[in-house]
Every structure is written in structure tokens, then in C-alpha cells.
Amino acid sequence: MRFTGLRVLKEGLTGNRGWAHHWRDPAPKAEYGIVIIGGGGHGLSTAYYLAREYGLTNIAVLEKGYIGGGNVGRNTTIVRANYFLQGNSEFYSHSLKLWEGLEADLNYNVMHSQRGLINLFHSDGQRDAFARRGNAMINQGDDAVLLDREGVRKHLPYLDFDNTRFPIYGGLLHPRGGTARHDAVAWGYARGADQRGVDIIQNCEVTGIDIENGTVKGVQTTRGAIRAKKVGIVVAGRSGQVAAMAGMRLPIESHVLQAFVTEGLKPAIDHVVSFGMGHFYISQSDKGGLVFGGDLDFYASYAQRGNLPMVEHVMEAGMTLMPMIGKAKVLRSWGGIMDMTPDGSPIIDKTGVDGLYLNCGWCYGGFKAVPASGNCFAHLMATGRFHGAAAGFRLDRFRTGRRLLDEEGTGAQHNLH
Ligand SMILES: Cc1cc2nc3c(=O)[nH]c(=O)nc-3n(C[C@H](O)[C@H](O)[C@H](O)COP(=O)(O)OP(=O)(O)OC[C@H]3O[C@@H](n4cnc5c(N)ncnc54)[C@H](O)[C@@H]3O)c2cc1C
């Protein structure tokens, strides 16, 4: 089934009775060539690119819940390529290019909206740091514009520019940054993988990883044992737990990150705005809700919900930056589990077990990485070689201390990222 404008029109006029399910609901087979554990954005995109780029279709994606129930459907949907360090910047640049062709590629409307992202700065020192970051982005081939205070005012007239603690000095505009509809990204990749023969199996939790003589043989699941020649662990907030099934202890702590949405409002905020000093960021969804969030809850947890101190902190930061937000009613808040690495950068690597691969550590920035992560992980799983754009994401950097990718300069303390 292909989506076309004509088809949408026809279905609209005939009661929308012709739409088919977007993916099948197959029972698990006894054996696959490749098993991907985790049906989040990264697991689904890995399966999609394995099938599309390498013609591998004897693949199952095993998801313990439902597609879109994890972080891929819980994030605040920001897509950007504004990283500073070599190792990160080429990866996110690769990802943004994939985003830009994604809807045509998947034949699916993921509502990718390049509305521009503005990172605010509040001191001369911060301006210098953002100028350097902008230059690094331009060197990488991406776009960046350093705005002075009046430049920011033209785009975001509703901000409080004269806050005594954080007066706004300017901002770094990343015009190609923006948002996408998060669950549509999961659905689009699921549909694309399914159309190429991948089995997407929901309600199938992996409970064990079978290893013999240092080689992976398959997985144990709540729906029986499944043999596999290769297994990819792509479970985001559960990375530490699932890797432990293979005897691995990862340099990862799982932390809660919350987000919030208001009632639907008329268009008010055109961009994604990031207020790093106050730990607050915001955009407006196509339905009109103001979608915003802040920092981690600052304690390790596997609960997909947050606690009140961070709610208070985020609301305070929002009021500081744009007092007008005080008039909006918050409709919902929710939380997701972030797999935080010590340097804030991810891991895409082989493991010490033959045939077992690891994709994790996306911290609170893995939504924008979904296309490139799947693309590079598929390359690794299919060919055994590291994709150039993800060559820096090796696990051993935490053992040796070399080639750490400490993007935010916050060191090894997880909760400072
Ligand atoms: C509030 C919030 C805001 C965020 N905002 C942004 C943002 O604006 N931009 C951005 O780039 N990133 C953002 N992120 C981060 C981003 O959502 C994550 O980094 C990314 O989604 C993680 O990858 P994933 O999609 O594969 O994870 P998930 O969707 O969590 O996928 C992992 C899947 O593995 C499954 N699983 C776990 N254990 C097992 C098992 N034993 N067996 C089978 N399946 C299993 C889980 O059920 C889950 O579905 C945000 C996250 C949160 C929570």
C-alpha cells in the first residue's frame, strides 16, 4: 500500500475503509538470521536499513511492549545537527541528511518540520562558545547563524530579554533544525521494515541471551526460545539490564527525563527554543500544544514517570524565559528512561561475544539519531565493519579513557549531562 495524495482524497471520500494495517502481526519463528532486541526508533531503523541496504530480510524485531511505547514515543521530537566534537558532528550531520529524505524514502509522513532551532546565550563567554560551535557546524557542512540580541528579538519577540539573572545576549540559529512527529517515525520505520519481510513481534520480552563458546546462539523470550546467528541489543533505557543477560556490565546509568505539553493554542512559537542556562526548551506541536522539558530528575530509576521537584524547576525556568507561558494550562507530563553514558555520547559496537552487537547510550538526544543510528548499526551488523560516520562510538573508550566524546564538557558524572 502506497500513500499518495490521490489515495488520501479517495479514502476521505469513501469513509476511510480501504486502509490496511501498517505492519503484520506474525508469530515468532524458531530461527532468524538476525534478531534485534527492542522495537524503539533505533531497533526499527536498524531492521529497515538491514533490509533496504543489504537485502537481509530474515530478521525479527522483538519488542516487549508495543511499537512506540518506549522513548521513541516519549521524546520532545527535536531534530538537529549542532554538535561540536569531531566524532559526533559528522554522525549527526549524516542523520540530518537522512531525515531530509526520510518521508520520501519511507513513503510516510513523519511531519519533519525544519522550523529552526535557537540556542540562547547570556554572557560574552557563552557567545564565544556558541560562535565556536557554529563554526564547527559550518565546517561540517551544516548551517548556523550567530544572532545578536536584536536578531533573536526578531524571531522570538515574546521572550523576557532583560531578566536580571539571565539577560539574553543572543542566540545560535540552526535553520535546518526542527521537529518530527515521534511515533510516526516509529510507525514509518516499522511499516518500511515489514514491507521488506522483517517480522515485527510485539509483546515479546527477551529474558535471556544464549551464548555457547563465546558465540551468540539466540535469545529466550516470553514467547519461547528463538535461535539467531546475530543479535543486536537496542533497548535504550534497559541497556544495562539486557546486556547483563550476556554477562556484560555497561558504563551506563538509567535516569528519568520528563516532558510536558499544554492545551492546544493558536500558533505562538515558530521555532525550537533552547534556554540552556535555565535547563528549559520548548516548541509548539502542529496540534498547538506547547511541548517543553528540562533536565534529568537526577536519580537513577527505571520508572517511566518523574517527580515533582523537576516539575517545579522546569515551570520556573519557563516562566523566567517567557512569562506568557504562565497563561497556558499544562495538560500532561510523562517520563522516559535515558541510558546515560559517562561522556554523554552513544555506543555502536561489537561486543566480546561473536555475533552480539550493542547500540545504546543515546542519553536524552537519541531521537534525532534514529536514522543514522539504524543506518550505521545495520552497516556494522551486515558487514562487520564500522560505518565511517559512527566510528567514534566504541565501547572501549570507557576502559582506556582515550577518544572520549565529552560533548558537553561535564565529565563522568552522569547527572551533569
Ligand atoms: C522526555 C524525553 C524527551 C526527549 N527529547 C528528545 C529530543 O527532543 N530529541 C532527541 O533527539 N532525543 C530526545 N529524547 C531521547 C530519545 O527519545 C531517546 O534517546 C531515543 O528514543 C532512544 O532510542 P529508542 O527510540 O530506540 O528507544 P525506545 O523507544 O525506548 O526503544 C527501546 C525499546 O526496547 C524495548 N525493550 C527493553 N527491554 C526489552 C527486552 N528485554 N525485550 C524486548 N524489548 C525490550 C522497550 O520496550 C523499548 O520499546 C528524549 C527522551 C525523553 C524521555
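Student: Which hand does the crossing of α2 and α7 have, left-handed or right-handed?
Tutor: Keep in mind that this is a predicted model. The axes of α2 and helix α7, residues 182–195, come within 8 Å and cross at roughly 30 degrees, and because angles under 35 degrees count as roughly parallel, α2 and α7 are roughly parallel to each other. The hand of the crossing between α2 and α7 is left-handed.

Student: Which residues of α7 does α2 meet, and how many of the residues in the contact of α2 with α7 are charged?
Tutor: From α2, the residues G41, L44, S45, A47, Y48 and A51 take part, and they meet V185, A186, Y189, A190, G192 and A193 in α7. By class, the contact of α2 with α7 has nine nonpolar and three polar residues, and the number of charged residues is given as no charged.

Student: How are α2 and α10 oriented to each other, oblique or roughly parallel?
Tutor: Helix α2 covers residues 41–54 and helix α10 covers residues 370–383, and their axes come within 7 Å and cross at roughly 55 degrees. That angle makes α2 oblique to α10. The crossing of α2 and α10 is right-handed, and the orientation asked for is oblique.

Student: Which residues form the contact between α2 and α10, and how many of them are charged?
Tutor: On the α2 side the contact includes G41, H42, S45, T46, Y48, Y49, L50, E53 and Y54, which meet V370, P371, S373, G374, N375, F377, A378, M381 and A382 in α10. The contact of α2 with α10 divides into 10 nonpolar residues, seven polar and, for the class asked about, one charged.

Student: How does α3 lie against α10, roughly parallel or roughly perpendicular?
Tutor: The axes of α3 and α10 come within 7 Å and cross at roughly 105 degrees. Since angles from 65 to 115 degrees count as roughly perpendicular, α3 and α10 are roughly perpendicular.

Student: Which residues of α10 make the contact with α3?
Tutor: From α3 the contact draws on F91, H94, S95, L98 and W99. The residues of the contact of α3 with α10 divide into five nonpolar, three polar and no charged. On the α10 side the residues are P371, A372 and N375.

Student: How far apart are the centres of domain 1 and domain 2?
Tutor: The domain assignment of the chain gives domain 1 as 5–13 + 29–78 + 182–251 + 343–416 and domain 2 as 113–179 + 253–340. The contact takes 17 residues from domain 1 and 20 residues from domain 2, and the side of domain 1 that touches domain 2 has six nonpolar, 10 polar and one charged. Taken over C-alpha atoms, the centres of domain 1 and domain 2 are separated by 28 Å.

Student: Is A236 buried or exposed?
Tutor: A236 is found in the loop between β11 (224–233) and α8 (239–244), and its phi is positive, near 45 degrees, in a residue other than glycine. Most residues other than glycine have a negative phi. Because A236 has 25 C-beta neighbours inside 10 Å, and 20 or more are needed for burial, A236 counts as buried.

Student: Which residues is A300 in contact with, leaving aside its neighbours within four places in sequence?
Tutor: A300 lies in strand β15, residues 289–300, and with 16 other C-beta atoms within 10 Å, A300 is partly exposed. A300 and E253 are 47 residues apart along the chain, while their C-alpha atoms are separated by 6.4 Å. With neighbours within four places in sequence left aside, the contacts of A300 are E253, S254 and H255.

Note on methods:
Residues numbered from 1 in each chain as written. Predicted model: local features only at pLDDT ≥ 70, side-chain atom pairs only at ≥ 80, totals over all residues. Axes fitted to C-alpha atoms, helices over the stretch in contact; angles between N-to-C directions. Helix = DSSP H or I, 4+ residues; strand = E, 2+ residues; numbered from the N terminus. Parallel < 35°, antiparallel > 145°, perpendicular 65-115°, else oblique. Left-handed = near helix turned anticlockwise from the far one by under 90°. Contact = placed C-beta atoms within 7 Å. Nonpolar A, V, L, I, M, F, W, Y, C, P; charged D, E, K, R; others polar. Domains from an automatic or database assignment. Buried ≥ 20, exposed ≤ 12 C-beta atoms within 10 Å, placed from the backbone.
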